[in-house]
Amino acid sequence: MAINNVTLVGLTGMSGAGKSTACKLFAESGFKIIDCDKISRMIVEKGKPCLAEIEKNFGQGILTVDGQLDRREMAGLIFGDENKRLLLNSIMYPYISYIIISDAYCRNEKTYFLLDAPTLFESGIDDLCDYVVSVVADHKTAVKRIMQRDGLTEEDAVARISSQHDMDFYIKRSDYYVENSGGLQVFFEKVNEIINRIWSD
């Protein structure tokens, strides 16, 4: 149920499934977009309290000489180390949630927001959402799209897909899902159908 006349929809899904295209359709229909990736970059800027907390837990080695977050160093620390990844998430996600709540729920007018969040479930931010929508695709289609989009070899694209959640993971955790394994027109129709359902609720 919407709070303070605000409805928050979480959008997530598999890499290569078409989440960015779905996000554009929601925006065109009147949803205000909250970009979770943009927020996650903003909260770790130089001088921000989140970055200070990360440094306290991981050491000065995660900073560049000018005090910025060394993303490559940070990625190297958490890659393959589940405990460190969870620690980083536990530091960052409260800051992300605060910004989302401040932006979305501190309003009086009737507003529909779309939270564009690739790690929606991992962060626990799905608990803030009135609806969760996932975009999925079959393995072969997703691999092909990642190769075309990012210029990767098939081996690298398969490795990327294999490191992420599968289709069933998203379907089981979503109020709505769109399987985007066919043509664009069919995909547009499916997404717009979901948008219309949410508008009418």
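This report describes the sheet of this predicted model and the helices packed around it.

The model is predicted, so local features need pLDDT of at least 70, side-chain atom pairs count only at pLDDT 80 or more, and totals for chains, interfaces and linings use all residues. Residues are numbered from 1 along each chain as its sequence is written, and side-chain values use heavy atoms, with hydrogens and water left out.

**The sheet**

Helices (H or I, at least four residues) and strands (E, at least two) are DSSP runs, numbered from the N terminus. Two strands pair if DSSP finds at least two bridges between them.

Five strands build an open sheet. Their order is S2-S3-S1-S4-S5, and the pairing is parallel. Strand S2 (32–35) and strand S5 (176–179) are the edge strands, each pairing on one side only. From one strand to the next, the twist averages 20 degrees.

Now take the pairs one by one. S2 and S3 pair over four bridges. There, Ile 34 has Leu 115 of S3 as its bridge partner. S1 and S3 pair over six bridges, and Val 6 stands opposite Thr 111 in S3. Strand S1 (residues 6–13) also pairs with strand S4 (residues 131–136), over five bridges. Gly 10 stands opposite Val 132 in S4. S4 and S5 pair over four bridges, with Val 135 opposite Val 178 in S5.

**Buried and open faces**

Buried means under 20% relative accessible area, exposed means over 50%, and partly exposed lies in between (1.4 Å probe, protein chains only).

In a regular strand the side chains alternate between the two faces of the sheet. How do the side chains along S5 point? Tyr 176 and Val 178 point to one face and are buried.

S3 is covered on both faces. Thr 111, Phe 113 and Leu 115 are buried on one side, and Tyr 112, Leu 114 and Asp 116 are buried on the other. Six of the six residues of S3 are buried, so S3 is largely enclosed by the rest of the structure.

**Helices that pack together**

Two packed helices are described by the angle between their axes and the distance between the axes. Axes here are lines fitted to C-alpha atoms, for helices over the stretch in contact, and angles run from 0 to 180 degrees between N-to-C directions. Contact means heavy atoms within 4.5 Å.

| Helix pair | Angle | Axis distance |
|---|---|---|
| H3 (residues 49–58) and H5 (residues 82–104) | about 160 degrees | 10 Å |
| H7 (residues 139–150) and H8 (residues 154–162) | roughly 120 degrees | within 9 Å |
| H1 (residues 19–28) and H10 | roughly 45 degrees | within 10 Å |

Angles under 35 degrees count as roughly parallel, over 145 as roughly antiparallel, 65 to 115 as roughly perpendicular and the rest as oblique. A crossing is left-handed if the near helix is turned anticlockwise from the far one by less than a right angle, and right-handed if clockwise. For residue classes, Ala, Val, Leu, Ile, Met, Phe, Trp, Tyr, Cys and Pro count as nonpolar, Asp, Glu, Lys and Arg as charged, and the others, Gly among them, as polar.

Start with H3 and H5. They are roughly antiparallel to each other. Their crossing is right-handed. The contact includes Ile 54 and Phe 58 of H3, and Leu 88 and Ile 91 of H5. By class, it has nine nonpolar, one polar and two charged residues.

H7 and H8 cross at roughly 120 degrees, so H7 is oblique to H8. H7 passes H8 in a right-handed crossing. Among the contact residues are His 139 and Ile 146 of H7, and Val 158 and Arg 160 of H8. The residues of this contact divide into seven nonpolar, one polar and four charged. Ser 162 is in helix H8. With a relative accessible area of 53%, Ser 162 is exposed.

H10 (residues 184–200) lies across S1, strand S3 (111–116), S4 and S5, running at about 170 degrees to S5. H1 crosses H10 at roughly 45 degrees, which makes H1 oblique to H10. The crossing is right-handed. The contact includes Leu 25 and Phe 26 of H1, and Phe 188 and Asn 192 of H10. It has eight nonpolar, two polar and no charged residues. Is Asn 192 buried, exposed or partly exposed? At 31% relative accessibility, Asn 192 is partly exposed.
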